[in-house]
Amino acid sequence: MSTSRPRSAEAPPSAFRPDIEGLRAVAVLSVLIYHAGLAWTPGGYVGVDVFFVISGFLITSLMVREIERSGRLGLADFWARRARRLLPASTLVLAFSAVVAYLWLPVTSRKEYGGDIVAAAGYVVNWRLGLREVDYLAEQVGQSPVQHYWSLAVEEQFYVVWPLLIAALVALFRHRWRTALLVGIGLVTVASFVFTLSYAVAQPGLAFFVSTTRVWELGVGALLAIAFPTLVRLPAAVRGVLGWLGLAAVAASVLVLDSTTVWPGPATLLPVLGTAAAILAGGGTAAPWGVGRLLGLAPAVWIGALSYSLYLWHWPFLIAAEGIWGDLRVREGLLVVLASAVPAWLSYRYVENPLRRAPRLARPRPALTAGALSMVVAAAAGVALVASFSLVDTVGPASPREAPGARALQDPRFADTDWSAVRTVERMRPSPLEAYADLPATHAEGCVVPRDAEGFEVCEFGDTDSARTVVLVGDSKAVQWFTPIERIATREGWRLVLISKNGCPFADAIRLVEDKRNPSCDAWSPRALSTIEELRPEVVLTVTRHSKALPEGGESEADYEREPMVDGLVTYWQRVVDSGARLVPILDTPAPVSGTVPDCVQENLEDLTRCMNAKAAGQTSSGASLQVDAAERVPGVEVVDMSPVLCPDGEQCPAVIGNVLVYRGGTHITDTFAATATEALAARLAKATDGLLGAG
């Protein structure tokens, strides 16, 4: 097959496509308005998918034209063009994001965000964010100032791998290279899409970010580029209709889809194929009434040209604004996004275009060298942010003797202490900067199944040869009491069995994850129950933080009701009791209402009372009150309430008790504080089990 360009009615290869710039404008405005919080664009995130198709089309078109012209693909030239186009502005924004994190975001997050910036500089941040998304214990990490770089990482990975694939196919099938590209890229695209259909359901958090579930979107654009000379021969009227239908599909996606949609998934076909149809409509001799007339308007073309810079700058501006002023209202979000257009234009005018057109960077070697240096500079900004974490002034470390924690509540030396009035301490453990890592050892040992992962783990501790068994079952709220329970079991010669999965209640009830069913959780709960029945333990301890579940026929979180969760607890608890075990629910701990406690403590070391949570009537937690109701329906079940240990006066819940930081992040307590509450828990377990466990 000849490598010369076939004659066709399409526009010349070098022709500027204002309609594609207009599509970019649609994509970036969808994302910006969505991030600003406008309620009537719940599907604005599809703008990223529009970008993917456009990139797949344009980049593959560029490579196809080069193959037609020269019969080969110059990889160095291709990568040099990408470096000149993308890296200068990207580096500038990454450096700015490091400044945002340093000045306005919690110092406790600097290590995490610095790592994000390093990963963004290397264009692998999408994998890092995906893994964090499935880390249930990463609840303390807010939205990264470079979170939006995930889509850029996907595209950069595409720019590295795609030319290699195309060059290999052209080299292997030189005389039928176009057919080889259609077949080869078609297989990759279909395989990615099929993989996405299952993976997005099994691992929704990870699937959103990773490249393997997104490459098919770029592949659709690539296939369109390869088949373009043939498809563009369709009658202009037919393509004109397809174009309007395509733009309507994109608009419908923005207005109709929302966070409950499995994404990426079958619904992603709507904006992806819609974008492809709109691109096709503008090629060749377009219909005068076609969608290109609208997309090619001067304002749309101007915004489209600025779309890369707008996308880069808007997100760190939003994150900075939230760090300074707190949660933004929609109007404020829109104003911040509008303000970000100023640095976006300046970046485009004085950084992107000058460096892209710089004569000294015209050749591949200097362009690639400059690109590599810019990545090093961006990574250095992230490293500097991480390094600044170690320079933060914080409270000094305390020894176990200096920090009795919950033991101080029973210590005569502290009998007159009003813990809610303690404003500052000289020493503390763990430090607010280290609190997020203050976890039970079970997490490092792999005994807790991640929220979205398939699997089932049973771990044994204490006297593993003992005939007396106590089971601790539940989610991370149960595991937060593991250390004191393990100590109690060990000293009393019991075998402790841990059965846990993050985010999954031990109940005959259905909970959703991001408004979607979690099949791994649905399978884990009944298996946990059957395992307990097989073990026949003497005591079963459990914690439930969830207060609502789906009723029969319910489909979304809007359908959640309290009674289905109560009924689900009663069903499981009754079966445990019927198996001969004593079931003891440990009530969920009071939920902090002052945000993330370690962040608050670090920022208020001179007045810790600012980080105190008021325990209003019934505020033990909705999950706790629900457990009380369930216990009343199962004879022989007596609950254990540890809230008096966290809220000594019954009304106020201090951030620090006995020089120990109580909460490590989100609603979880530090392992250090839990360990200091061993005797308090033992006394309550002894009472709840009539001396069977915990009596010492």
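A: An axis, as used here, is a line fitted to C-alpha atoms, for helices over the stretch in contact, and an angle between axes is taken between N-to-C directions, from 0 to 180 degrees. The model is a predicted one. Two packed helices are described by the angle between their axes and the distance between the axes.

Helix 3 covers residues 75-104, and its axis comes within 12 Å of that of helix 2, with the two crossing at roughly 145 degrees. This crossing is right-handed. On the helix 2 side the contact is made by Ile59, Leu62, Met63 and Glu66, and on the helix 3 side by Phe78, Arg81 and Arg82. Sorted by class, the contact of helix 2 with helix 3 has four nonpolar residues, three charged ones and no polar ones.

The other partner is helix 7. Helix 2 spans residues 47-70 and helix 7 spans residues 177-202; their axes lie 12 Å apart and pack at an angle of about 160 degrees. Angles over 145 degrees count as roughly antiparallel, so helix 2 and helix 7 are roughly antiparallel to each other. Their crossing is right-handed. Helix 2 contributes Val64, Ile67 and Glu68 to this contact, while helix 7 contributes Trp177, Arg178 and Leu181. Four of the contact residues are nonpolar, two are charged and none is polar.

Helix 3 also holds Ala80. Ala80 counts as buried because its relative accessible area is 1%, and buried means under 20%. Setting aside residues up to four places away in sequence, Ala80 touches Pro364, Ala367 and Leu368. Leu280 is 200 residues from Ala80 along the chain, and the C-alpha atoms of the two are separated by 28 Å.

The step from helix contacts to the core goes through Leu181. Leu181 of helix 7 takes part in the contact with helix 2, and Leu181 is also among the residues with the most contacts inside the largest nonpolar core, which has 96 residues. Leu94, Tyr149, Trp150, Ile166, Ile279 and Leu312 are listed with Leu181 in that group. Tyr149 is in contact with Leu94 and Leu312, and also with Ser90, Val93, Ala120 and Val125, leaving aside neighbours within four places in sequence. In soluble globular proteins, nonpolar side chains tend to be buried together.

Some details of the backbone complete the picture. Most residues other than glycine have a negative phi, and most peptide bonds are trans. Trp263 and Pro264 are joined by a cis peptide bond with omega about -5 degrees, and Pro264 sits in the loop between helix 10 and helix 11. The bond from Arg429 to Pro430 is also cis, with omega near -15 degrees; Pro430 is in the loop between strand 2 and strand 3.

Two residues other than glycine have positive phi values: Asn659, near 65 degrees, and Asp690, near 55 degrees. Asn659 lies in the loop between strand 13 and strand 14 and is partly exposed, at 23% relative accessible area. Asp690 is in the segment after helix 26 and, at 63% relative accessibility, counts as exposed.

Definitions and conventions: Residues numbered from 1 in each chain as written. Predicted model: local features only at pLDDT ≥ 70, side-chain atom pairs only at ≥ 80, totals over all residues. Heavy atoms only, no water. Helix = DSSP H or I, 4+ residues; strand = E, 2+ residues; numbered from the N terminus. Parallel < 35°, antiparallel > 145°, perpendicular 65-115°, else oblique. Left-handed = near helix turned anticlockwise from the far one by under 90°. Contact = heavy atoms within 4.5 Å. Nonpolar A, V, L, I, M, F, W, Y, C, P; charged D, E, K, R; others polar. Buried < 20%, exposed > 50% of the residue type's maximum accessible area, 1.4 Å probe, protein only. Core = buried A, V, L, I, M, F, W, Y, C linked by side-chain atoms within 4.5 Å.
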